[in-house]
Each structure stands twice: as C-alpha cells, then as structure tokens.
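Please keep the structure in view while reading.

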Amino acid sequence: MKIHILGISGTFMSGIAILAKKKGYEVTGSDTSCYDPIKSILEKENISVIKGHKIKDIKDKDLIIIGNVMSRGNTVVEYILKNNMDYVSGPQWLHDNILKYKKVIAVSGTHGKTTTTAMIVHIMKKNKMNPSYLIGGSPKGNFKSVALTSSKYFVIEADEYDTAFFDKRSKFIHYNPFLTVINNIEYDHADIFENIGEIIKSFSHMIRLIPSDGTIIVNKNDLNIKKLLKRGYWSKLKTVDSVKSSGDFNLLKKKQYMLKYNNKNFLLPQNIIGKHNYINAVTAIGVCKELKLPINSQIKALSNFRGVYKRTDLVGEVDGIKVFDDFAHHPTAIKSSINSIKETFIGKRLLTVFVPGSNSMRLGVHDAQLVPSLNKSDRALVLTKFKSLKRLIGNNIKINVIETEAQIREYLDKENNFDIILVLSNRNTENIFRYIKR
C-alpha cells in the first residue's frame, strides 16, 4: 500500500509516517517546510518529504493521511474530496492500525505532556519493558521519539488539539487508553475552544472511554481537573499532590525534592531542573507503579534521564553565560520555566527571550497573564510584531519589545551582566541562537 501524508513535518505526523513505514507501507509526505530535527529523522528512515502540496504527488496513492494543518480550500484537499480518494486522519489511522492491538498509556494535559511521556518510556525501557511509543518531542541520548515494538504497551502523548478539518474532536478521543494521565487543564488553543468549559468537556469525553479496570492519574492540585472529575469517572483514580501531601503520590521538598508514597520518603534524582519537572517525574513514577515497577528501580532509571530537546534544555554557553531553550508558550509554562531556572541557579541574573507563536497568543487571550509571568525574570525581551502585545507591555522597565533577532545582539552588546539566557518559544529558535552568539 502506498501512503502519502499531508502535513508530515510536525512531530506527531512524522511519528505516524515512521510507524506506517515500520508496518511495511510505502510512505511519502509533503509539507510547506521541514526543519531539523524532523528533517534528519525522516531522512534516516528513508521517508521522502516533498516541499509543497501538489496534486501530482497523491494521484497514485492508495491512502492519504491528512494532518490537522490542512484545511478546506487547499487544492490538494479539494482534489481528494472531489475524486472520492481514500483518506483518514493521523489519530484515526494510528488507532485502527496500531493502538487497538495495544494497551495504551495516554499522557494528557496543557503542560508537561512531552517530558512526562519521555520519562515513562525511559523508566520502562530501563526496566526491560520495551514499549511502543510516540512522543511529541525529541528525547536526548540514545532515545528516539517513536518506536514500534512487540510489547503490549503503547505510550503516547495525548493532545487535546483537534484531529483534522473533517474531525474536530480532540486527538486523544481516538486513543482509547487503559491508563490516562491528566497533568493539568488550562485555557489554550483559543482557535479551537471558545472557553475552558469546552476543554473540560473534551477531557470528559476521553475519560468516558477508559474501562472500569483502567486508571486515571491526575494532578490533585488543579482546579479545572476537580471540575472535570465532578462530571463523573468510572475508573480507578490515583492522585499526585505537590502541595499538601494528601495524594497517592506526593512531591515534597526539604533540602532536596522527595517522593512520599505509602508514608515512605524516596530521594529523587538531582539531574532534573525545576519543580514542574519534578511533578512530571512523580507522575511518571505513579504510572509505572501501576505497571508493578518498584519505586527504587524507577528512581534509579530517572537518575540518568537526560531530558528532552527544547524542554529546559541547556544548549550551550556564550562568554560564560548559560543558554537554555524551552518550548514554553503559555503564561503558566513561562512562569514555571523562569521559576525553575531561578530556583536552580539561585542569585544568578536571568534574561528571558520570549517569541510568541501560538494561535492563542495571536488572538490575545493570554495577554493579561503574560506580563506577570515574564516579570519573574530579571529582564525580558519579547520578539513580536503583535500590536496588542506592544501596547500591553508599554513602558514596563523589565520587559523590552523587539521586532528582529538582530536586536537581541544589540541589547546584549549594551546589557551583558546576565548569567543565564532563557529562550522560550514553540517555534524554531535557531536564528535566535545565532544572534546570542557573537
């Protein structure tokens, strides 16, 4: 069977391409652009990526997998519909061809999905449980973002974003997990959801699919998750608490971060940066405990977890200044990322460079929360042409608005008394790092 993937360059759809290739299908794909690391990953798998979507590239294909970046009006989409070609969404193809034969562990929530998923997979691999998986990011070390194995388990990052132009349900509706993580729920994806109530409803739809012998692991401290659970659940519930130690799995901090489980304290590894990542770690441990893995062997595994690219990622050092890259683009994630750096490097001066790129940011729904989050940094640069953000930031003495990457270098030539630079964006940041370097 010949499969062509429209919108192949995203982390999820490139993962679908690799899984389809491993299933023995002939796979090609197209997109408007394709950058590393996805470009190199697909090349290694011998999957051809065509720049631009053209009718001639799909005419001889047996099936078209359509990514959610594609919309009505696109000439290729219109051709598919007009000619009654076989097509399917990525999540639906994944369910029908792989997930329905596996026990699915789905990691959901507004923040922390990628790191938590990577941690779960890392722990399972180190404990000789070699799961299939699909991670929405690139783990560090000898660790790919996607794998198909003979294991009965499949670990997947479960996104609440819509499935395709013809299926506006959240992607995770297709995964039918037996074990689900819900890290947190906040308002995001304003181009898809009108309000937080709609997001909670979508999570409720996912919960309705979990069998009675399945498990839901939730952040006990999240107010929107509490609202979600009031709608009903029919599976075993386990909780993670990082505030009052009243959950099944609890994060404590004395001199160091610790896990409290069954009234026993376990020292957590020190190679993890920031409270939010320690919450992710405790959640991952909670998942793997459901799989009967001992706590101590899990903590040993996490001690050599190297993290995920673009997730509090130390990418280099310039003139003695440490430079970190992070995917954070929601005000809560921005605040957590900044706090993590300040907590880890006490007394060090931090410059945060934020590049807004999400649809929610473009629509201005996070404007009120953005400045308080950025104010946690000693200084901040916001690289944007959004007029609403310029007006919002105004004359804030800690935050400067810039319009080009070159202005980062100009700023650093004048203000160089920083110990750490933290770059925050859900976009490609290669150009930014070129201007941070001299």
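## A strand group and a helix

Strand E20 (residues 350-355) runs parallel to its partner E21, and four bridges join the two. The model is a predicted one. Strand E21 covers residues 379-383, and four of its five residues are buried. E21 also pairs in the parallel sense with strand E22 (residues 399-402), again over four bridges.

Between E21 and E22 comes helix H13 (residues 387-393); strand, helix and strand form a right-handed β-α-β unit.

| Pair | Sense | Bridges |
|---|---|---|
| E20 and E21 | parallel | four bridges |
| E21 and E22 | parallel | four bridges |

The other part is helix H6, which has 12 residues, 196-207. From first C-alpha to last, H6 reaches 17 Å, close to the expected 16 Å.

Which residues of H6 are buried? They are Ile199, Ile200, Ser202, Phe203, Ser204, Met206 and Ile207. An α-helix has 3.6 residues a turn, so residues three or four places apart point the same way. The cover over the buried residues of H6 includes strands E6 (103-108), E11 (167-170), E12 (179-182) and E13 (215-219), together with helix H7 (223-230).

Technical notes
Residues numbered from 1 in each chain as written. Predicted model: local features only at pLDDT ≥ 70, side-chain atom pairs only at ≥ 80, totals over all residues. Heavy atoms only, no water. Expected span 1.5 Å × (residues − 1). Buried < 20%, exposed > 50% of the residue type's maximum accessible area, 1.4 Å probe, protein only. Contact = heavy atoms within 4.5 Å. Pairing = 2+ DSSP bridges. Right-handed = clockwise from strand over helix to strand, strands pointing away.
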